[in-house]
Amino acid sequence: MVASACTFMILPILEDPGYGTKEYLNFAEMFVSQNSGVCLHVTLPNKWWSSARWREIHRYGPKHEARVWKQRGKAMEQIVYAIQLAEICLKYGGEVSFEWPRDSTVWLREEVLTFMARHNLYVALVDTCACGETDDNGKLSTRKVQVLSSSHRQAVSLDALRCQHYENIEHGKSSDNN
């Protein structure tokens, strides 16, 4: 049995000033078309989509609200770009998945819901303590994430990762709302 070569590319869209340009998307499409079956996993910062932002807006007022909406606009550009990359991967037979905290407001965005419906994607709910994730103090994580996937196999496997710990097992704090 011969193992096939695995080719992958990391697109650091947060650090790259050219992300989102037509040239960048053309490069990604060329790469994916020459390496069919590319799998893309998207996890973007949740900072501006966290429910904690609503509490801050209430507490700090209109100036803070304006800042939150400005940052959400920038974050939405990243999400739209990630969806465009995902469309390219799916077009050439690849698989895609997106991951954010379960309570993230990004799941309510029209762009995300439309993409989910258009491709009939699967949803998996994951308790990260079941993956062995710990906080900075070594305590089991309480993060609860939702994964949107084009792969039924991946969704079923991830959905099985639920907290199975006894009540007396202490969990740490979640940092999803940063």
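**Helix packing, cores and loop residues in a predicted model**

The model is a predicted one, in which local features need pLDDT of at least 70 and side-chain atom pairs count only at pLDDT 80 or more, while totals for chains, interfaces and linings use all residues. Residues are numbered from 1 along each chain as its sequence is written, and side-chain values use heavy atoms, with hydrogens and water left out.

The protein chain holds five helices and four strands (DSSP runs numbered from the N terminus, with helices being H or I of at least four residues and strands E of at least two). Read from the N terminus, the order of these elements is α-β-α-α-β-α-β-β-α. Among contacts in the protein chain (heavy atoms within 4.5 Å) between residues at least 6 apart in sequence, 72% link residues at least 24 apart.

Helix H1 (residues 22-34) packs on helix H3 (residues 62-91) at an angle of about 25°, and their axes are 9 Å apart; axes here are lines fitted to C-alpha atoms, for helices over the stretch in contact, and angles run from 0 to 180 degrees between N-to-C directions. H1 is therefore roughly parallel to H3 (angles under 35 degrees count as roughly parallel, over 145 as roughly antiparallel, 65 to 115 as roughly perpendicular and the rest as oblique). On the H1 side the contact involves Tyr24, Leu25, Ala28, Glu29 and Val32, which meet Tyr81, Gln84, Leu85, Ile88, Cys89 and Lys91 of H3. Sorted by class, the contact of H1 with H3 has eight nonpolar, one polar and two charged residues (Ala, Val, Leu, Ile, Met, Phe, Trp, Tyr, Cys and Pro count as nonpolar, Asp, Glu, Lys and Arg as charged, and the others, Gly among them, as polar).

The axes of H3 and helix H4 (110-118) come within 10 Å and cross at roughly 10°, so H3 is roughly parallel to H4. This crossing of H3 and H4 is left-handed. Here Met76, Ile79, Val80, Ile83, Ala86, Glu87 and Leu90 of H3 meet Glu111, Val112, Phe115 and Arg118 of H4, a set with eight nonpolar, no polar and three charged residues. For helix H2 (residues 52-60) and H3, the axes come within 7 Å and cross at roughly 150°, and H2 and H3 are therefore roughly antiparallel to each other. H2 contributes Arg53, Trp54, Glu56, Ile57 and Tyr60 to the contact, and H3 contributes Pro62, His64, Glu65, Val68, Trp69 and Arg72. The classes in the contact of H2 with H3 are six nonpolar, one polar and four charged residues.

In soluble globular proteins, nonpolar side chains tend to be buried together. The largest nonpolar core of the model has 30 residues, of which Leu40, Ile79, Phe98, Trp100, Val112, Phe115 and Leu148 touch the most other members; such a core is a set of buried Ala, Val, Leu, Ile, Met, Phe, Trp, Tyr and Cys residues joined through side-chain atoms within 4.5 Å. Two or more residues of this core come from each of H1, strand E1 (39-42), H3, strand E2 (95-101) and H4, and H3 supplies the largest share, ten residues. Leaving aside neighbours within four places in sequence, Ile79 is in contact with Leu44, Trp49, Trp100, Val106 and Val112. A second, separate core of five residues includes Ala124, Val145, Val147 and Ala155.

Arg143, in the loop between strand E3 (122-127) and strand E4 (144-149), is buried, with a relative accessible area of 19%. Arg143 and Arg102 are 41 residues apart in sequence, with their C-alpha atoms 8.8 Å apart in space. Ser150 sits in the loop between E4 and helix H5 (152-159) and is partly exposed, at 22% relative accessibility. Beyond residues up to four places away in sequence, Ser150 touches Leu90, Gly94, Glu95, Val96, Leu121 and Tyr122. Asn120, in the loop between H4 and E3, is exposed, with a relative accessible area of 62%. Asn120 has a positive phi of about 50° although it is not a glycine. Most residues other than glycine have a negative phi.

How values were computed
Buried < 20%, exposed > 50% of the residue type's maximum accessible area, 1.4 Å probe, protein only. Left-handed = near helix turned anticlockwise from the far one by under 90°.
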